[in-house]
Amino acid sequence: MIDLDGNATNSGSNPVVNNSLDNSGNNALDCPNINPSINPSINPSINPDITYDLVLRQGRAIGVAEFAGQLVDVGIAGGKIVAIAPQLANAGAMEIPVEGQIISPPFVESHIHLDSALTSGEPRWNESGTLFEGIEIWGERKQSLTLEDIKDRAIAALKLQASQGVLFVRSHADVSEPQLLALQGLLEVQAAVKDWITLQLVAFPQDGIYSKPANRELIEEALRLGADVVGGIPHYELTRENGVQSVQRIFALAEQYDKLIDIHCDEIDDDQSRFLEVMVAQAIRTGMGSRVSASHTTAFGSYNNAYAFKLMGFLQRTNINFIANPLINITLQGRTDTYPKRRGVTRVKELWQQGQNVSLGNDCIQDPWYNFGTGSMLDVALMAVHVCQMTGRKEVEACYDMITVNGAKTLSIADYGLGVGKPANLIVLDAIDRFTAIQKRSVAKYVISQGKLISQTTPAQAHFQLS
Ligand code: FE2
């Protein structure tokens with residue numbers, strides 16, 4: 001169990017997490033002494049010449065085609081992967097026996113709101129369970145926001161995620177309030193955590209760009225302050241026309257400030273909410289597709305097939321990224337339905353089958369929209385498997401890709417993945433392949449960021465007392 005400060009509390013049969021991050025989010029670790037009781041050590045049977053800072057021994061490296069199906073050693077030095085081979089002769093200053101389990105690129109959180117994370121019940125609970133009551137409650141909660149409040153909760157949430165293998169995060173920051181506190185707080189967090197987690201920030205106008213005159217200036221100011229991505233919420237603008245106008249404005253701002261785009265798009269069950277087509281048209285006309293993400297697009301699940309198939313055809317003319325948030329979509333959508341009750345999730349399986357880049361996000365960790373969530377990407381993938389009916393073996397593996405390599409593509413992360421010369425960002429999971437990682441919701445036994453071991457988790461063990 002991990003408390004809200006990101007610290008381990010060993011209760012019951014929960015895994016034990018040990019991380020080396022102090023309360024400010026700085027990496028206080030001087031490898032290798034995380035916890036002497038479970039500290040990896042040098043294997044004396046190996047050549048005593050120490051060549052590497054760290055060697056992972058005999059794991060299954062995910063995404064390394066050259067060694068598919070083989071066990072390999074991974075050598076790390078100077079923060080980079082410097083060798084991958086069936087057996088590395090020389091030793092590392094630290095050695096981790098992987099014992100046939102998987103060495104994976106880290107998880108990528110494509111969509112989260114760190115400014116509202118860990119506020120559920122404040123100042124009141126969302127009794128209807130709807131997106132719109134959540135927006136109202138957040139409107140009340142943000143009246144009492146302070147920089148410290150935002151930073152403390154964001155860092156706690158990032159530690160929760162890092163301990164579970166997440167090393168790249170895209171967070172939205174609400175830029176609808178006049179002081180831009182959420183963005184300023186998250187910009188400070190971005191700098192504080194940069195040695196162990198990469199945080200990308202979206203200037204997200206939660207209340208709409210055209211709902212108040214001041215909001216047009218606030219989103220632009222957020223980009224000048226350093227937000228990486230332009231956000232939007234066209235389906236929540238006051239009129240259809242304002243929604244179209246907002247998408248056009250977002251593309252213009254992205255070009256002007258050289259930013260990526262990530263729009264909360266059609267997050268509603270209304271089959272007439274059709275701002276995705278506006279995004280697609282803008283992407284086709286500008287050629288910016290690979291820099292553009294459409295988040296949620298839940299109405300896509302409600303479109304009639306004639307319209308949806310036409311739109312799928314248009315999508316083949318661009319390469320925009322899709323981000324689904326299955327935990328939240330299945331919770332918030334379908335609330336006005338009686339029966340049959342819609343799932344409220346975009347067409348993940350069909351988009352994947354067509355070759356579109358789809359990634360997955362948590363969206364919320366214990367906030368006005370969702371009282372649950374621990375930041376686990378494997379929980380997100382497991383929900384995608386269920387709600388998108390992707391239960392075939394290759395489909396489950398695809399869901400794993402949606403929380404790793406596809407997310408990296410969405411975030412435009414350079415040098416992601418396992419390969420010689422790449423930054424040593426990797427995780428060891430308590431699983432033998434991608435399928436079992438989701439099946440077991442494996443723990444991240446070792447989390448290595450930029451060549452340093454930042455977190456260890458010991459899988460839970462049950463001790464039966466049966467005679
Ligand atoms: Fe969101």
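**Entry 1: one residue to start.** I picked Leu276, which counts as buried because it has 26 C-beta neighbours inside 10 Å. The cut-offs I used: buried means 20 or more other C-beta atoms within 10 Å of a residue's own, exposed means 12 or fewer, and partly exposed is in between, with C-beta atoms placed from the backbone. Leu276 lies in helix α6. Helices here are DSSP runs of H or I with at least four residues, strands are runs of E with at least two, and both are numbered from the N terminus.

What does Leu276 touch, leaving aside its neighbours within four places in sequence? I found Cys265, Asp266, Ala294, Thr297, Phe300 and Leu311. Contact means that the C-beta atoms, placed from the backbone, lie within 7 Å. Phe300 is 24 residues from Leu276 along the chain, and their C-alpha atoms are separated by 8.4 Å.

**Entry 2: ground rules.** I noted that this is a predicted model, where local features need pLDDT of at least 70 and side-chain atom pairs count only at pLDDT 80 or more, while totals for chains, interfaces and linings use all residues. Residues are numbered from 1 along each chain as its sequence is written.

**Entry 3: the whole chain.** I counted up 13 helices and 17 strands. Of the 467 residues, 54% are buried. Among contacts with a separation of 6 or more, 76% join residues 24 or more positions apart.

**Entry 4: α5 and α6.** Back at α6 (residues 275-286), I checked its packing with α5: the angle is about 30° and the axes are 10 Å apart. Axes are lines fitted to C-alpha atoms, for helices over the stretch in contact, and angles run from 0 to 180 degrees between N-to-C directions. That angle makes α5 roughly parallel to α6; the classes are roughly parallel under 35 degrees, roughly antiparallel over 145, roughly perpendicular from 65 to 115, and oblique for the rest. On the α5 side I see Gly243, Val244, Val247, Gln248 and Phe251, and on the α6 side Phe275, Val278, Met279, Gln282 and Thr286. By class that contact has six nonpolar, four polar and no charged residues. Nonpolar covers Ala, Val, Leu, Ile, Met, Phe, Trp, Tyr, Cys and Pro, charged covers Asp, Glu, Lys and Arg, and the others, Gly among them, are polar.

**Entry 5: α10 and α11.** Helix α10 (residues 377-387) packs on helix α11 (residues 393-402) at about 140°, with axes 9 Å apart. That makes the pair oblique. Ala381, Ala384 and Val385 of α10 meet Val396, Cys399, Tyr400 and Met402 of α11. I sorted the contact residues into seven nonpolar, no polar and no charged.

**Entry 6: the two sides of α4.** Which residues of helix α4 (residues 213-225) are buried? They are Asn215, Leu218, Ile219, Ala222 and Leu223. They sit on the same side of α4 because they cover an arc of only 135° around the axis, the arc being that of the directions from the helix axis to the C-beta atoms. An α-helix has 3.6 residues a turn, so residues three or four places apart point the same way. On the other side of α4, I found Pro213, Ala214, Glu217 and Arg224 exposed. The buried residues pack against α3, β9 (198-204), β10 (229-232) and α5 (240-257). After α4 comes Gly226, with a positive phi near 130°.

Terms used:
Contact = placed C-beta atoms within 7 Å.
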